[in-house]
Amino acid sequence: MDLAAFRALEPLCWRAPSAHNTQPWRLRYERWAITVGWDPADALPAGDPTGRDLRLSLGAFVETCLIVAADAGLRLDFVADHDESAHRVGRLRPARQPYRTPFRTADVCARRTHRGRFADGPDAAVLAAADDAARWAGGAVRVVPAAAGRLGALLRAADRQVYADPAVVAELRRWLRLDRARPDYRADGLSDRCLGLSRPAAAGLRTALAAYSVLRPFGLPRLLAAGDDPLARGGTVLALVAPPDLDAAGQVEFGRVLMRVWLTLHAAGLAAHPLSQLVDVAATRDALGALLDVAPERIVHVTRVGRPVAAAARSARRVDRVGGRPGSKFSDNIPDSRCRERALHG
C-alpha cells in the first residue's frame, strides 16, 4: 500500500463537510491500513448530543477519501469497524481495484455549502437521481412540502429552541469566525463570509452573542431566530430518510450516502444549505415526520437545495503547508491548487 501517495492527497480529502466545519476526522497510518477516527475535541456534545452529525460527517469523509484515491489511481476500500471508546469508525485498506464512483476530485473540491439566494430548486430528474443514491442504501430523499407556511414556522421554532440553550450557544460561539483578524479565521469554523454576513452584521452578531447571558432573559433567542429566513432565499427543502433502526455504524455508512447525494446535486449545478436544527429539536423533528408521513427518527438530514445566484465563499480547512498533514492551521489555498491540477490532469 502506497501510504506516501495517499498522504499527499490527504488535504484534498479534508474538503468533506462537517457540522460547524469542525473537521473532526483523523487518520492514523499503519503498515497495511489507514485507520479513520475522530478527535472528540472537535465534536459538538451540546448541539449534536447523539453524535448523529458527527457520524454523518465521518461517513462523508470516508467517501471523499475513496473518491480522491480512486481519481488518483490508488486502490482502496473501506472496512467498517466502529468503536466509540477508541474513537474509530474503520479502516482504509488495499483493494484489488480502485473504488468505483462517478465522482472526481474536482467535484469534491468544487462542492460548497451555500447559504445565499437560489434561482430555483432541483427538477424531477435531479430529484430522482438523488433519491436513487439514497435508495441504493435503503434510504430515500423526500421533498418537504411548504404546507402553507408550516415549514417556516417549524424552522423558527427550532431556531428559538437552539438559541435558548446556553450550552448550544456557547458551542456555536466557539466555532463562529466573525473576526477576520483571528488566527483561526482561515482554519475551520463558520466564517462571516460563509454565513453570508456583511461586516456590520457580523459585528452585530458578535456583540449580541457576547452579551448572551445578559440578554437571554429579555428575548434574545427569539430575536436571533427571527433575524434570518433562509426559506425566503428560494430553493427546495429536502429530507434524507435513513433505513429503520440505523445504529451508530450505520449512520457512518449513511454519511457516505449523504456525500453521494450532495455530489449528485453539485453535478447538476445545485448547492445545499443544511437546516439541521429541524432534526436537532425533537418537537420539530416529530412535526417534520408527520409532514412526510415517516418515522421521525429516520430523518437524519434536512437541507435547502437550489441553483445559486452567486458563488459562495469557500470554507476554510486545516492543512500543513509542507507535508500535507492536517493539524497546522493555514488557509486552504494549497488544496485548491491541487484540486485545479487534478481537474486538469486527473
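**The α4 and α11 pair**

Modeller: Helices α4 and α11 are roughly antiparallel to each other. The reason is the crossing angle of their axes, roughly 160 degrees, because angles over 145 count as roughly antiparallel. Keep in mind that this is a predicted model.

Now the placement. Helix α4 covers residues 124-135, and helix α11 covers residues 248-267. Their axes come within 9 Å. Two packed helices are described by the angle between their axes and the distance between the axes.

On the α4 side they are Val126, Ala129, Ala130, Ala133 and Ala134. Their partners in α11 are Phe254, Val257, Val261, Thr264 and Leu265. By type, the residues of this contact are nine nonpolar and one polar, with no charged residue.

Now the setting. The chain has 14 helices and ten strands. Its C-alpha atoms fill a box of roughly 60 × 45 × 40 Å along the principal axes. The radius of gyration is 19 Å; a compact globule of 346 residues would have one near 20 Å, so the chain agrees with that. Buried residues make up 49% of the 346 residues. Of the contacts with a separation of 6 or more, 73% join residues 24 or more positions apart.

Key:
Residues are numbered from 1 along each chain as its sequence is written. This is a predicted model: local features need pLDDT of at least 70, side-chain atom pairs count only at pLDDT 80 or more; totals for chains, interfaces and linings use all residues. Side-chain values use heavy atoms; hydrogens and water are left out. Axes are lines fitted to C-alpha atoms, for helices over the stretch in contact, and angles run from 0 to 180 degrees between N-to-C directions. Helices (H or I, at least four residues) and strands (E, at least two) are DSSP runs, numbered from the N terminus. Angles under 35 degrees count as roughly parallel, over 145 as roughly antiparallel, 65 to 115 as roughly perpendicular and the rest as oblique. Contact means heavy atoms within 4.5 Å. Ala, Val, Leu, Ile, Met, Phe, Trp, Tyr, Cys and Pro count as nonpolar, Asp, Glu, Lys and Arg as charged, and the others, Gly among them, as polar. The radius of gyration is taken over C-alpha atoms; the globule rule is 2.2 Å times the number of residues to the power 0.38. Buried means under 20% relative accessible area, exposed over 50%, partly exposed in between (1.4 Å probe, protein chains only).
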